[in-house]
Amino acid sequence: MSPLPPRAASASIRMRLRLLRASCLALAGLAAGNLHAQAPAAPPAPARVDEDTVNQIMLPDADLDTVLNVYEQLTGRIVIRPQQLTAATYNLRIKQAVTKAEAIIAIETALAVNGIGLSPLGDKFLKVVNIQAVRQEAPEMITGSAFERPATGKAASKMFTLEFARAQEVAPMITGLLNALYGGPVILASANALLITDSISNLQRIETVLQHIDRPNTAGMKPKFYQLRDAKASDLVNKLRGILTGTLQQQIGSATSYSADDRTNQVILVTDPRQHAFFDDLIERLDRRADPNTRNEVIYLKHAKATDVVNVLSRIISGTNTALQRQGAAAGPRPAAPAANQPAPAVPAPTIVSASNSQGDGNNEFSSLMTVVNDDRSNAVVVFGTSDDIRLVRALIDKLDIVLPQVRIEVVIAEVTLDDQNASGISALGLKIEGDKLVGFSGTTVGMGATGGAVSRGGAVSGSRDLAAEISLNTTPRSRNNAITTQPAIVTSHGKQAKFFNGETRPVVTGTIQSAAGVSTGLASSSTVTQQQIGTTLTVTPFIGVDGAVQL
């Protein structure tokens, strides 16, 4: 015979080794059967052959081909393998009877431990690849629970869909539990899922871990309701959010939440029951009665008119506010507030001003919250603002709500006929004028006399003085050339205008309208008549000085 080529010789030797190993396996099985037969036993029962039982598997120092041949016999599938695979020596010894499924698990685990992965191709074929590439070669896909499969080292893929946890947050947590040779988890953010390829036994462990991680954040949380007595729920919640920030918020945990229900004035807290004591103490200390930053007050006026006072206050506030804004826009520093004893009110601040300053005398500036409204029915001014606003407004009202000086003005309207002895009606009436001012009059009558404006009466004369009577003294020439037509009198206040009228009201035609009334009657006319005053009107505005002097 001619010698075989080296490759053929190698194949022949490998085949002989396989046959030898198979023979050894068979011999081992027979030996095991003989051993069982020699053992003392009860009367022999009918022999029962279990096709799913494997007596022994002895693969000492076996190569990959031998292991794959045994795997083919156990699974009934044809194994397809590439030329280059990781070479290793397998030592698998199963000395007791096992089921065929258990034997398959043992061989799949031995292959995975040595870097060999299996990828099913239908029901008849299996593809063998290096374990690093098994994820790209379509390994078995587990659609249900991984615990439905026996725990084995065989590579498989499973989709884990999360309900509560975020896939991006969970992936770093479980990466350390996975076999790095399989490439780690694949994050499917849109589906909030993880696609993991690993051994089935490891997939079972990952499934157990995710069952503990993928839970709602409220797990272990309990709600608690705080009924507030004095504070407003929304204000207290805002205060809590300002306090619980930074490191303190991290210690409490992101799952803790608190919100306000203004309808019932309650604070709703959802957190771990172990933190209830912390919030109990914090909310109790914040729910305290405190003076409000703003309040309202009604100031009743005694002498001034409410509408007039409110108009003055509004002009002061708006005017000074505009001046302050211009000054602030000029990039200059804000001027210091004037002293409390200055008569002029301070300018209003564009922002809320606290009720007191460091000097303890209160702030002398109006806040932007201040509002003044007049109530004409009660003649009062309603003020809304801070305590300093009300204090400043009250100080202004005290200076405005005073009794104004009043004056009684008496007027004598007379008709005077001049003659050669008198140049004007003033001199004809005996009045004395110096520098456009009436300084006195003179004359005498029965029981009364006047010299330089000083009137003297006899003992028998009593009663109030009458200016008209004192002017109409029976002295020459008054008895012949003057006649007093009226003597009106009016009482008015300082700076308030007063009017006198002496005359009568007469109808005056102010317009005539002509229109066609008909063919036979011709034009018809109608006149518009209004009542007009005809006479003398005297308008005066008195100004009363601090010494009582009156200027008209």
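Q: Buried means under 20% relative accessible area, exposed over 50% and partly exposed in between (1.4 Å probe, protein chains only). What share of the 552 residues in the protein chain is buried?

A: Buried residues account for 30% of them. This is a predicted model, where local features need pLDDT of at least 70 and side-chain atom pairs count only at pLDDT 80 or more, while totals for chains, interfaces and linings use all residues. Residues are numbered from 1 along each chain as its sequence is written, and side-chain values use heavy atoms, with hydrogens and water left out.

Q: How many helices and strands are in the protein chain?

A: There are 13 helices and 30 strands, taken as DSSP runs numbered from the N terminus (helices H or I, at least four residues; strands E, at least two).

Q: OK, helix α4. Which of its residues are buried?

A: In α4, residues 167-174, the buried ones are Ala167, Val170, Ala171 and Ile174. They sit on the same side of α4, because they cover an arc of only 110 degrees around the axis, going by the directions from the helix axis to the C-beta atoms.

Q: And which are exposed on the other side of α4?

A: Glu169, Pro172 and Met173 are exposed there.

Q: What covers the buried residues of α4?

A: The cover includes strands β10 (186-188) and β11 (193-199), along with helix α5 (200-213).

Q: Switching to α6 and α8. At what angle do the axes cross?

A: Roughly 125 degrees, with the axes of α6 (residues 233-243) and α8 (residues 276-286) coming within 11 Å. That makes α6 oblique to α8; angles under 35 degrees count as roughly parallel, over 145 as roughly antiparallel, 65 to 115 as roughly perpendicular and the rest as oblique. The axes are lines fitted to C-alpha atoms over the stretch in contact, and angles run from 0 to 180 degrees between N-to-C directions.

Q: Which residues make the contact?

A: Leu236, Lys239, Leu240 and Ile243 come from α6, and Leu282, Ile283 and Leu286 from α8. Contact means heavy atoms within 4.5 Å. Six of the contact residues are nonpolar, none is polar and one is charged.

Q: Last one, Leu126. Buried or exposed?

A: Leu126 is buried, at a relative accessible area of 2%. Leu126 belongs to strand β7, residues 125-130.

Q: What does Leu126 touch?

A: Not counting residues up to four places away in sequence, Leu126 touches Tyr71, Arg77, Ile78, Val79, Ile80, Ser119, Pro120 and Leu121. Arg77 and Leu126 are 49 residues apart in sequence but 6.6 Å apart in space, C-alpha to C-alpha.

Methods. Ala, Val, Leu, Ile, Met, Phe, Trp, Tyr, Cys and Pro count as nonpolar, Asp, Glu, Lys and Arg as charged, and the others, Gly among them, as polar.
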